[in-house]
Amino acid sequence: PQGIGSPSVYHAVIVIFLEFFAWGLLTAPTLGVLHETFPKHTFLMNGLIQGVKGLLSFLSAPLIGALSDVWGRKSFLLLTVFFTCAPIPLMKISPWWYFAVISVSGVFAVTFSVVFAYVADITQEHERSMAYGLVSATFAASLVTSPAIGAYLGRAYGDSLVVVLATAIALLDICFILVAVPESLPEKMRPASWGAPISWEQADPFASLKKVGQDSIVLLICITVFLSYLPEAGQYSSFFLYLRQIMGFSSESVAAFIAVLGILSIIAQTIVLSLLMRSIGNKNTILLGLGFQILQLAWYGFGSEPWMMWAAGAVAAMSSITFPAVSALVSRTADADQQGVVQGMITGIRGLCNGLGPALYGFIFYIFHVELNELPMPESSSGGSVVAQYHLQQNSIIPGPPFLFGACSVLLALLVALFIPEHTNLNVRSSNWKKHCGSHGHPHSPQAPGEAKEPLLQDTNV
């Protein structure tokens, strides 16, 4: 069945909203179950679970994207949403199986790759950035409201209701794909592509990274992205657990923190970013964003009171301008036929960081013995000072060691970014690039050769 209506961006938007709304509901319950399941090594196990999932997603995303070019998007939308949401009902059935399935689900949990390929099928090139922005904004909007709703329902009616509701929304998403989402890959392309061989280069997750050293300017940009996104990926895998377990935030406070940070980030990436780009230029905006990120991570690292976390969160929202500014710099310096290749490199680096960052943060927490073994988890924000005092006795110099490591990493990124020229045209290097790029995409793929399936702005600071 072809679904309801013709393929549109709104089909993709609804799929993304329902999937991440379901997971957002589980923010507070997951933090509690994680601590109960792994009381002695909470941060280490969290880092390993998220790290394995991120690394598997990085390895499998190109292959699933290439297969969707052959067999169509709808079946792979169904597959990725199903496996992404499969762990949800296991939270109350068996926590051990819940976290095991989360880590293994990374093989198929690449909904964004298929969604952006879906969007690329149905939009013209000049419409694509706006459509990608709409999908990313939907992702942010789903996470602004759902953690607060999940925390409230969990407090009022218990976590079991939250798990049942999240499961129902995930099933609704699957039913929506089955019934309402039409196939976006044109029918005349699909029969011709059935049985087409998938080359190793199409499925190789490191294919785009192999081209990083071909141009010195792009190399500087990629090093900057790696050094700045590695701590960010680790931070967002563990920070809400850190607020809950170490800083003594209640479930409602964590949900409010996510909502406020998301709203401030959206404002920073729209109004503030446009003002800065016009007033101080592209490169200086990147440097300013990295400066805010250093301040934010250092504040998280040395902060010992809940109000410090709120203040640092406002700075974190300002640091979200970095990646839009990097994206704009790439679009201005690269030729039209090189845009997808450079974006693909940066997307690949960020995918690699999504696997390495959480594992690195969990390991650093483990090395510095930042755990909560003796004190029960507080259920209200009034216990925050007690937790903070306990933690300060345990490690009085650096309450959050991984965040301080992250600040040092971003400082290196800032030093590298200083050498990126403000105005550079890569036209002179186009001949070398074309030799190394070639045409690696599927012959029937609607995207330009080498174009990334995910835009640079897929992950917002939410």
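A: To start, this is a predicted model, and Ile263 is a residue of helix H13.

Q: Why is Ile263 called partly exposed?
A: Its relative accessibility is 45%. Buried means under 20% and exposed means over 50%, with partly exposed in between, so Ile263 at 45% counts as partly exposed.

Q: What makes up the nonpolar patch on the surface that includes Ile263?
A: The patch is formed by Val260, Ile263, Leu264, Ile267, Ile271, Leu275 and Trp310, which together have about 590 Å² of accessible area. Helix H13 (residues 251-279) gives the largest share, six residues. Patch residues need over 30% relative accessible area, and Ile263 has 45%.

Q: Why is H4 called roughly antiparallel to H9?
A: Helix H4 (residues 73-85) and helix H9 (residues 159-179) pack at an angle of about 175 degrees, and their axes are 10 Å apart. Angles over 145 degrees count as roughly antiparallel, so H4 is roughly antiparallel to H9.

Q: Which residues meet where H4 and H9 pack?
A: From H4 come Lys74, Leu77, Leu78, Val81, Phe82 and Cys85, and they meet Ala170, Asp173, Ile174, Ile177 and Leu178 in H9.

Q: How many helices and strands are there in the protein?
A: The protein has 20 helices and zero strands.

Q: What share of the protein's residues is buried?
A: Of the 462 residues, 59% are buried, a label for relative accessible area under 20%. The protein still exposes about 18,600 Å², with 70% of it supplied by carbon and sulfur atoms.

Technical notes. Residues numbered from 1 in each chain as written. Predicted model: local features only at pLDDT ≥ 70, side-chain atom pairs only at ≥ 80, totals over all residues. Heavy atoms only, no water. Patch = residues over 30% accessible without salt bridge, like charges linked within 9 Å, V, L, I, M, F, W, Y side chains within 5 Å. Areas by Shrake-Rupley, 256 points an atom, 1.4 Å probe, with all protein chains shown as cover. Salt bridge = Lys/Arg side-chain N within 4 Å of Asp/Glu carboxyl O. Helix = DSSP H or I, 4+ residues; strand = E, 2+ residues; numbered from the N terminus. Buried < 20%, exposed > 50% of the residue type's maximum accessible area, 1.4 Å probe, protein only. Axes fitted to C-alpha atoms, helices over the stretch in contact; angles between N-to-C directions. Parallel < 35°, antiparallel > 145°, perpendicular 65-115°, else oblique. Contact = heavy atoms within 4.5 Å.
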